[in-house]
Amino acid sequence: MSGQIIAIDGPSGAGKSTITRLVAERLGLRFLDTGAMYRAVTLHCMRAGVKLDDVRAVASAAATAALRCEPSLKGPMRVFLGAEEVTEKIRTVEVTRNIHYVADVREVRELMVKMQREIGEQGALATEGRDQGTVVFPNASLKVYMFASAEVRAKRRQAELNGRGQQVLLDEVLREINQRDMLDKSREIGGLRKAADAVELDTSEMSPEQAAETIVKLAKSRLAMRTRRIEKENGTA
Ligand code: C5P
């Protein structure tokens, strides 16, 4: 693995995407949105008319999805299925509702983990998801487990969906968030867990800028510690 890896995990609506993107921009790292990858594979399976509860069908559709992502230095990560950009099309309620069928499949996870590690090999990265610190990058330079109360997360998700012109009731969003938490936490492989060495960050009362600043400070102090250790080992301190 080459370069600095900042791995941010947590439940949906904790602010991971926005905050990780800000961290990446401030530190000059690429931003990897791993949820977008699972979303794109889900969209591909839905379009292909795959029976989503058929594990083998989902696994073989995922293998032919021609998924490509462009981790960005600025702005959201762009996602493609073949030549078609699906960056926006993966953000619908229908895709969100169906993701768990795809994210539960071992073969799909293996494929995603492989792609994510290959992206990590190409250089420094701020990545976010559910299993980035626990499974994909166990040696990340900094791991953060980000969370917020379910009510705060539901309000944020509602505002995000409204902003996209999708009108949804708060109760409905809260129910879906609780349901998704349960599915994400109970997933056998790559389930949502805090890595033993992750720093916990409660973003309930924080703005995205404040949360990003906290992580940037942590990342800088980790980097300084690592530099000092290397200098000491080389006798150059
Ligand atoms: O972060 P986002 O809400 O876009 O993620 C969508 C879903 O993709 C999550 O609820 C989870 O089921 C799945 N996912 C995952 N592993 C990741 C990232 C996302 O299983 N690393």
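# A ligand and the shell around it

By class, 9 charged, 4 polar and 3 nonpolar residues make up the shell around the ligand. The model is predicted. In total, 16 residues surround the ligand. The closest are Arg-39, Arg-109, Asp-131, Arg-180 and Asp-184.

Where does the ligand sit? The space it takes is the largest pocket. Three helices each supply at least two residues of the shell: H2 (34-47), H4 (93-103) and H8 (170-186). H2 gives the largest share, with 4 residues.

Start with Arg-180. An N or O atom in the side chain of Arg-180 is 2.6 Å from an oxygen atom of the ligand. Next comes Asp-184. A polar atom of the Asp-184 side chain lies 2.8 Å from a ligand oxygen. Then turn to Arg-157. Here a polar side-chain atom lies 3.5 Å from an oxygen atom of the ligand. How much of the ligand does the protein bury? Taken alone, the ligand exposes 460 Å², and the protein buries 97% of that.

Stay with Arg-180 for a moment. Arg-180 lies in helix H8, one of the helices that supply at least two shell residues. Is Arg-180 buried or exposed? Arg-180 has a relative accessible area of 14%, and the cut-off for buried is under 20%, so Arg-180 counts as buried. Follow the fold from there to Pro-11. Arg-180 and Pro-11 are 169 residues apart along the chain. Their C-alpha atoms are separated by 8.3 Å.

Arg-109 is also among the residues closest to the ligand. Arg-109 lies in helix H5, which covers residues 106-121. Its relative accessibility is 4%, so Arg-109 counts as buried. What does the side chain of Arg-109 meet within the protein? A polar atom of that side chain lies 2.8 Å from the backbone oxygen of Ala-103. Ala-103 falls at the end of the range given for helix H4 (93-103).

Next, move to the strands and loops. Ser-72 lies in the loop between strand S3 (67-70) and strand S4 (78-81). Is this loop residue buried or exposed? At 9% relative accessibility, Ser-72 falls under the 20% cut-off and therefore counts as buried.

Ala-66 lies in the loop between helix H3 (55-63) and S3. Ala-66 is partly exposed, because its relative accessible area of 47% lies between the cut-offs of 20% and 50%. What stands out in the backbone here? Phi of Ala-66 is near 50°, a positive value in a residue other than glycine. Most residues other than glycine have a negative phi.

Finish at Tyr-145. Tyr-145 has its place in strand S7, residues 142-147. With 11% relative accessibility, Tyr-145 counts as buried. Tyr-145 and Gly-129 are 16 residues apart along the chain, and their C-alpha atoms are separated by 10.0 Å.

Methods: Residues numbered from 1 in each chain as written. Predicted model: local features only at pLDDT ≥ 70, side-chain atom pairs only at ≥ 80, totals over all residues. Heavy atoms only, no water. Near = heavy atom within 4 Å. Polar contact = N/O pair within 3.5 Å; in protein donor to acceptor, adjacent residues only side chain to side chain. Areas by Shrake-Rupley, 256 points an atom, 1.4 Å probe, with all protein chains shown as cover. 1 Å grid on protein atoms, 1.4 Å probe; cavity = no way out; pocket = protein on both sides within 12 Å on 5 of 7 lines; lining within 4 Å. Sits in = over half its atoms within 2 Å of the grid points. Nonpolar A, V, L, I, M, F, W, Y, C, P; charged D, E, K, R; others polar. Buried < 20%, exposed > 50% of the residue type's maximum accessible area, 1.4 Å probe, protein only.
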